Amino acid sequence: MMGGWIILGILVVGALWLITVYNGLVSMRQRVSQAFADIDVQLKQRHDLIPNLVETVKGYATHEKGTLEAVVQARNSALAAQGPQAQAAAEGQLGAALGRLIALSEAYPDLKANTNFQQLQMDLSDIENKLAAARRFFNNAVSEYNASIQAFPAALFARNMGFAEREFFDVGQEARQSLDQAPTVKF
């Protein structure tokens, strides 16, 4: 009789432990999804701001058509990108194009003094800071989630229960090199 209670107790403790581990993994997966949604919100704000910035610069820098077209093309590519890796690469290219666009203001004192341009530039800077924070939060959530599904004992059943590793939001080596280079300013 006593052996039956011990076995029942072990089974109950095992089931409670399994439920706790499973719920923890679900919670982490939700945190990763929420963090990615936060990045999407910041990217949407960034994408909405870019046409206004391009239009403001267009009036002052009409002969910089190539730079303006590169920004618009990079924005369109970023809007079409799917998944963390593709989005990160497209956003890296967009960031580089925006850097060249902002550098144009150095060549055009009237543009640099334009209050609308200054406000748009401040808004873009604010969004970039929020976006960097959202990316860090996302990558941290992905790191915790991936570590949890790889750690024992969750590794025994996590993949069978639909918990797969997630990708980090990484711009990649090529995009990182272009982002690390300062934009060229021509006078």
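Predicted model: local features only at pLDDT ≥ 70, side-chain atom pairs only at ≥ 80, totals over all residues.
Local features were considered where pLDDT was at least 70 and side-chain atom pairs at pLDDT 80 or more, whereas totals for chains, interfaces and linings use all residues. Residues are numbered from 1 along each chain as its sequence is written, and side-chain values rest on heavy atoms, with hydrogens and water left out.

Helices were taken as DSSP runs (H or I, at least four residues; strands would be E, at least two) and numbered from the N terminus. The axes of helix α1 (residues 2–60) and helix α5 (residues 115–150) come within 8 Å and cross at roughly 160°, the axes being lines fitted to C-alpha atoms over the stretch in contact and the angles running from 0 to 180 degrees between N-to-C directions. Helix α1 is therefore roughly antiparallel to α5, on a scale where angles under 35 degrees count as roughly parallel, over 145 as roughly antiparallel, 65 to 115 as roughly perpendicular and the rest as oblique. The crossing of these two helices, α1 and α5, is left-handed, a term that applies if the near helix is turned anticlockwise from the far one by less than a right angle, with right-handed used if the turn is clockwise. The contact of α1 with α5 comprises 22 nonpolar, six polar and nine charged residues, where Ala, Val, Leu, Ile, Met, Phe, Trp, Tyr, Cys and Pro count as nonpolar, Asp, Glu, Lys and Arg as charged, and the others, Gly among them, as polar. In a second contact, helix α2 (residues 65–80) packs against α3 at an angle of about 155°, with the axes 9 Å apart, so that α2 is roughly antiparallel to α3; the crossing of α2 and α3 is left-handed.

Six salt bridges are present in the structure, each defined by a side-chain nitrogen of Lys or Arg within 4 Å of a carboxyl oxygen of Asp or Glu. One of them joins Asp-48 to Lys-44, with the closest N and O atoms 3.0 Å apart; because Asp-48 and Lys-44 are four residues apart in helix α1, about one helical turn separates them. Glu-91 forms a salt bridge with Arg-46 at 2.3 Å between the closest N and O atoms. Since Glu-91 lies in helix α3 (residues 84–107) and Arg-46 in helix α1, this pair ties together parts that are 45 residues apart in sequence. Both Glu-91 and Arg-46 are buried, where buried means under 20% relative accessible area, exposed over 50% and partly exposed in between (1.4 Å probe, protein chains only). Salt bridges that share partners join Arg-46, Glu-91 and Glu-128 into one network.

Four aromatic pairs were counted, the rings of Phe, Tyr and Trp (its six-membered ring) being paired if their centres lie within 6.5 Å, with planes under 30 degrees apart called stacked, over 60 edge-to-face and the rest tilted. Tyr-22 and Phe-163 have ring centres 5.5 Å apart and planes at 75°, so this pair is edge-to-face; Tyr-22 lies in helix α1 and Phe-163 in the loop between α5 and α6 (173–180), 141 residues apart. Tyr-22 is partly exposed, at 30% relative accessible area, whereas Phe-163 is buried at 1%. A tilted pair is formed by Phe-36 and Phe-138, with 5.4 Å between the centres and 50° between the planes. Phe-36 belongs to helix α1 and Phe-138 to helix α5, 102 residues apart, and both Phe-36 and Phe-138 are buried. Ring pairs link Phe-36, Phe-138 and Phe-169 into a cluster.
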